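This briefing covers one protein chain, from its overall build down to a few individual residues. The sequence and structure come first, and the notes follow by topic.

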Amino acid sequence: MKQYPFLDLKLPNAPYMEEMQHAACNVIASGRYLRGEQTRLFEQEIADLCQAKFCVAVSNGLDALRLIFRAYKELGLLHDGDKVIVPANTYIASVLAVSDNGLQPVLCEPSEATMNLDTEKAESLITPDVKAIMPVHLYGSPCWDDTFIELAKKHGLLIIEDNAQAIGAKASCTGLNGSRMTGNLGHAAGFSFYPTKNLGALGDAGAVVTNDEHLAATVRALANYGSDRRYHNIYKGVNCRIDEIQAAMLRVKIRHLDEETLRRQRIAQIYNETIVSSLVKKPNIYPTEEQVWHQYVIRVTKRDDFREYLLANGVETDIHYATPPHRQPCYTRFASQPLPITEAIANEVVSLPIAHVSEQDAREIATIINGYQP
Ligand SMILES: *Cc1c(COP(=O)(O)O)cnc(C)c1O
C-alpha cells in the first residue's frame with residue numbers, strides 16, 4: 001500500500017544538497033565559525049524579507065523570544081511581575097519565554113474561527129499590570145487586525161510577535177510601521193529556524209526582528225555575554241549566538257523560500273478544494289498570499305478513530321498540540337483556568353502532511369479523507 005509520511009526531513013533538504021555542501025565547505029575553510037560574514041549577511045536577508053530595519057540572529061526561537069523580553073526589562077520598559085497576554089493554544093515556547101523572565105503569562109482563549117488570539121477576549125483580560133501582548137501566527141496564519149494597534153495605543157502595550165511558524169506571511173491590515181509582513185507588525189518579533197519550520201536550519205537557529213535600534217542593540221549584547229564591545233560587559237548576559245554554519249545553511253534555503261511557500265500554498269489549496277467530508281472542519285482561509293501553511297490543520301470530533309482510519313490507509317498525521325500549556329505539569333497553576341475553546345482545539349486538531357507532499361499525493365490524501373465513515 002502506498003505510504004504518505006507526515007514528514008521526512010531528508011526530503012525537503014535533498015534538492016539543496018550541493019548548494020549546502022558548497023556553503024558548508026566555505027565556512028569550514030573560512031576559519032570563522034561565529035559572528036562572521038554568514039551571520040551578518042543572513043541578518044540582512046531576514047531584515048530585507050520582513051522589510052524591517054534590524055535583525056539579530058540567535059541560537060533558536062525560544063531564545064529569540066526570551067531575549068526580547070529580557071531586553072525590554074534591561075531597557076526599563078518591562079519589570080518583574082508584569083503581565084503578558086499570550087494565546088492559550090500555542091506551542092509552549094511562547095509561554096516559557098514570558099515566565100522565564102519573571103513575567104506573568106495571562107492565557108487568552110483563541111477565536112473559534114481562526115484558532116488565533118481573539119482581540120476581544122484579549123481586551124477583556126487587560127488590567128493595569130498587563131504590559132505586553134503576544135500574537136502568535138499559529139500554523140503560518142497571520143494573527144493580526146487593526147485592533148492590536150488600538151489596544152497597544154490605548155493601554156500602552158508592547159506587541160511582541162511569535163513569528164516562529166509564519167516567515168513570509170502577510171497581514172492584510174496596516175501594521176505599526178505601514179508594513180504587512182508578519183514579524184514586522186508589532187514592536188519586535190521572534191523567529192525560529194528549527195529544522196521543521198518553513199525556513200529550517202540543520203539544527204537550532206532563530207532571530208529577533210525589530211525596527212527599534214535600541215532593542216536590537218540590547219538583544220545583540222545580551223546574546224553575547226552582555227557585551228557591547230570586546231571584554232566590556234554592560235549586562236549579565238547569556239550566550240545565545242547563531243553558528244556561522246547554520247547561517248550559511250539558512251542563506252542557501254532563504255533563496256528558495258518563495259518557491260517553498262508557493263508549494264505549500266498550492267497543497268493547501270488542493271486540500272481546501274478537494275476535502276468535502278462533512279465530518280472535517282477545514283482551516284479558515286485568508287487571501288492567497290497571506291498564509292504560509294506551516295501546518296494544514298483540520299478539526300475532527302472523533303480524532304483518534306479518524307487518525308487510525310488514515311493510518312490504515314497509509315496517511316501519517318500529527319497533532320499540534322495535544323496538550324495545551326495550561327495542562328502541562330510545569331504550569332499546574334494555570335490548570336484551574338477554564339479554557340474550553342483551547343481544550344476543544346487540543347482534542348480535535350489533526351495536522352495533514354504539507355511540508356513535503358506532491359500535488360498528486362495531496363489529492364489522494366483528500367480522497368482518502370472523504371472516504372472516512374466513523
Ligand atoms: C518552534 C516554535 C517556537 C520555538 O522555536 P525553537 O527554535 O524550537 O526554540 C516558539 N513558538 C512557536 C509558536 C513555535 O512553533
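**A buried asparagine, the fold and some backbone exceptions**

Asn101 counts as buried because its relative accessibility is 7%, below the 20% cut-off for that class. The model is predicted.

**Asn101 and its surroundings**
- Asn101 sits in the loop that runs between α5 (92-99) and β3 (104-108).
- Its side chain reaches the backbone oxygen of Ala97, at 3.1 Å.
- Leaving aside residues up to four places away in sequence, Asn101 touches Arg66, Phe69, Arg70, Lys73 and Asp80.

**The chain as a whole**
- The secondary structure of the protein consists of 13 helices and eleven strands.
- The radius of gyration is 21 Å, which agrees with the value near 21 Å for a compact globule of 374 residues.
- Along the principal axes, the C-alpha atoms fill a box of roughly 65 × 55 × 40 Å.
- Of the 374 residues, 55% are buried.
- Taking contacts between residues at least 6 apart in sequence, 71% join residues at least 24 apart.

**Surface and charge**
- The accessible surface is about 16,200 Å², and carbon and sulfur atoms account for 51% of that area.

**Backbone exceptions**
- Most residues other than glycine have a negative phi, and most peptide bonds are trans.
- Met115, which is not a glycine, has a positive phi of about 65°.
- Met115 is placed in the loop between β3 and α6 (119-124), and its relative accessibility of 7% makes it buried.
- Tyr139 also has a positive phi, near 65°.
- The loop holding Tyr139 lies between β4 (130-133) and α7 (146-155); with a relative accessible area of 6%, Tyr139 is buried.
- The peptide bond joining His320 and Tyr321 is cis, with omega at about 10°.
- Tyr321 belongs to the loop between α11 (303-312) and α12 (340-348).

**An exposed loop residue**
- Ser278 is found in the loop between α10 (257-274) and β10 (296-299).
- Its relative accessible area is 75%, so Ser278 is exposed.
- Ser278 and Val300 are 22 residues apart in sequence, and their C-alpha atoms are 9.7 Å apart in space.

Notes:
Residues numbered from 1 in each chain as written. Predicted model: local features only at pLDDT ≥ 70, side-chain atom pairs only at ≥ 80, totals over all residues. Heavy atoms only, no water. Helix = DSSP H or I, 4+ residues; strand = E, 2+ residues; numbered from the N terminus. Rg over C-alpha atoms; globule rule 2.2 N^0.38 Å. Buried < 20%, exposed > 50% of the residue type's maximum accessible area, 1.4 Å probe, protein only. Contact = heavy atoms within 4.5 Å. Areas by Shrake-Rupley, 256 points an atom, 1.4 Å probe, with all protein chains shown as cover. Polar contact = N/O pair within 3.5 Å; in protein donor to acceptor, adjacent residues only side chain to side chain.
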